[in-house]
Amino acid sequence: MTKTIVVNEIGGPEVMRLVDLDPGPPGPGEVRMRQAAIGVNFADVHYRRGTAPPHAMAKLPMPFTPGLEGVGIIEAVGPDVTEFVVGDRVAYASASVTIGAYAEARLYPADRVFKVPAAVSDVDAAALLYRGITVHGLIRSCYVVKAGDTVLLHAAAGGVGTILSRWAKHLGATVIGTVSSEAKVEAARSQGCAHVIVTSKEDFVARTRDITGGRGVDVVYDGVGIDVFLKSFDCLRRYGMMVSFGQASGMMEPVDPVLLQHEGHYLTKFSGSTYNADTAEYRHRASEVLAAIQQGVFELGKHPVYKLADVASAHRELESRRTTGSLVLVP
Ligand SMILES: NC(=O)c1ccc[n+]([C@@H]2O[C@H](COP(=O)([O-])OP(=O)(O)OC[C@H]3O[C@@H](n4cnc5c(N)ncnc54)[C@H](OP(=O)(O)O)[C@@H]3O)[C@@H](O)[C@H]2O)c1
């Protein structure tokens, strides 16, 4: 039998139940994967507790299996699948197609999986791919980070935060990161932040303006939401760009466009579903993340790992803001 996490009702971590549920054979255009590692993303928490954006919640089936990314071995291919064979090691990392990663085995559309080089471990792939593809969209498409830029990044010690700060630094940018506690300062600094602001004891607007000599930053990347969103505009330089990509602390209030006119700021709301809707674009982002992993851009082998059966603990830790980096499940 196949152990699978199933959620029957919106609620706390305890609503995630481990059950026997076999996904069956792959249909046309599908592969069946035996999963070796599964990434835990904050979006999984949002779906489980019902705080994902309303349009996403409206599409959520009930019951459902959470999870957006996994890596493993193909154990069966659908009748018309020619690109892959049984035994191929592949991964997927995609919000726009289908959730359901928290399982020992699952079906997935073959055109959305990609091979993983042997040099990249299962746990590193699960820790870095979904967030890495997100970060690629944020720093290579949404706002193109270049050498000499100064970036303000909220939740810099988190999963997306550590990947974005490493990659932006690699591109020649200076990263100012915020974290909520002193305990996360070293994690943020070691992952590429030149400056770390502890929001529980410092005013991040004043500190950012101070660090930038009053100019402000070129871009703000905000995955925290309501607690920092509005104030972050005061950290931007003239014509700077605010990129909102998440709301871990809660959904932002609607914005009056007049807010943008004082300094000519730009505002965009990033969604991985949009930026990876095109399969060729998604595959391109995945290949660039895998190349960056192999070039040594990211720290490897240090991700907290939980058993699939212990997923509730992983969610509790993530929600409590105690984690740094990306959490991974193994069967
Ligand atoms: N748009 C997309 O396609 C996309 C894709 C991937 C991720 N995301 C978003 O990116 C953000 C980061 O995702 P992640 O999976 O890497 O998570 P994460 O950053 O590892 O964890 C979330 C972090 O948010 C901060 N936070 C602030 N207020 C919080 C609150 N009330 N509750 C919990 N955390 C709070 C915490 O850092 P501090 O304690 O240091 O503040 C926490 O560590 C999330 O908002 C996620 O939804 C969006």
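The model is predicted. The domain assignment gives domain 1 (3-129 + 274-330) and domain 2 (134-271). A ligand is surrounded by 27 residues. The largest nonpolar core has 88 residues, and it draws at least three residues from each domain.

**Domains**

- Domain 1 is assigned two segments, 3-129 and 274-330, while domain 2 is assigned 134-271.
- The centres of the two domains, taken over C-alpha atoms, are separated by 26 Å.
- Domain 1 gives 23 residues to the contact, and domain 2 gives 21 residues.

**Nonpolar cores**

- Within the largest core of 88 residues, those with the most contacts are Tyr 102, Leu 138, Tyr 221, Val 243 and Leu 329.
- Helix 3 (residues 122-142) supplies the largest share of this core, 11 residues.
- Domain 1 and domain 2 each contribute at least three residues to this core.
- A second core of 16 residues is separate, and it includes Val 224, Val 228, Cys 235 and Met 252.
- As a general background, nonpolar side chains tend to be buried together in soluble globular proteins.

**Ligand site**

- Of the 27 residues around the ligand, the closest are Val 160, Ser 180, Lys 184, Gly 223 and Gly 272.
- A polar backbone atom of Gly 159 is 2.9 Å from an oxygen atom of the ligand.
- A polar backbone atom of Gln 247 is 3.5 Å from an oxygen atom of the ligand.
- For Phe 270, a polar backbone atom is 3.4 Å from a nitrogen atom of the ligand.

**Helix 11**

- Helix 11 spans residues 311-319, and its buried residues are Val 311, Ala 312, Ala 314, His 315 and Leu 318.
- Seen down the helix axis, these buried residues fall within an arc of 160°, so they line one face of helix 11.
- Their packing partners include four strands from the list: strand 1 (3-7), strand 2 (16-20), strand 3 (30-40) and strand 15 (327-330).
- Strand 14 (305-307) and helix 1 (42-49) are also among the elements that the buried residues of helix 11 pack against.
- Arg 321 follows helix 11 and has a positive phi, near 70°.

**His 303**

- His 303 sits in the loop between helix 10 (279-294) and strand 14.
- Its relative accessibility is 13%, so His 303 counts as buried.
- His 303 and Val 123 are 180 residues apart along the chain, yet their C-alpha atoms are separated by 7.5 Å.
- Leaving out residues up to four places away in sequence, His 303 touches Val 123, Asp 124, Ala 127, Leu 128, Ser 326 and Val 328.
- The side chains of His 303 and Asp 124 are joined by a polar contact of 2.8 Å.

**Ser 232**

- Ser 232 belongs to helix 7 (residues 229-232).
- Ser 232 has a relative accessible area of 0% and is buried.
- A polar atom of the Ser 232 side chain lies 2.7 Å from the backbone oxygen of Val 228.
- Val 228 is also one of the residues in the second core.
- Leaving out residues up to four places away in sequence, Ser 232 touches His 154, Phe 204, Val 220 and Met 242.

How values were computed. Residues numbered from 1 in each chain as written. Predicted model: local features only at pLDDT ≥ 70, side-chain atom pairs only at ≥ 80, totals over all residues. Heavy atoms only, no water. Buried < 20%, exposed > 50% of the residue type's maximum accessible area, 1.4 Å probe, protein only. Helix = DSSP H or I, 4+ residues; strand = E, 2+ residues; numbered from the N terminus. Arc of directions from axis to C-beta. Contact = heavy atoms within 4.5 Å. Core = buried A, V, L, I, M, F, W, Y, C linked by side-chain atoms within 4.5 Å. Domains from an automatic or database assignment. Near = heavy atom within 4 Å. Polar contact = N/O pair within 3.5 Å; in protein donor to acceptor, adjacent residues only side chain to side chain.
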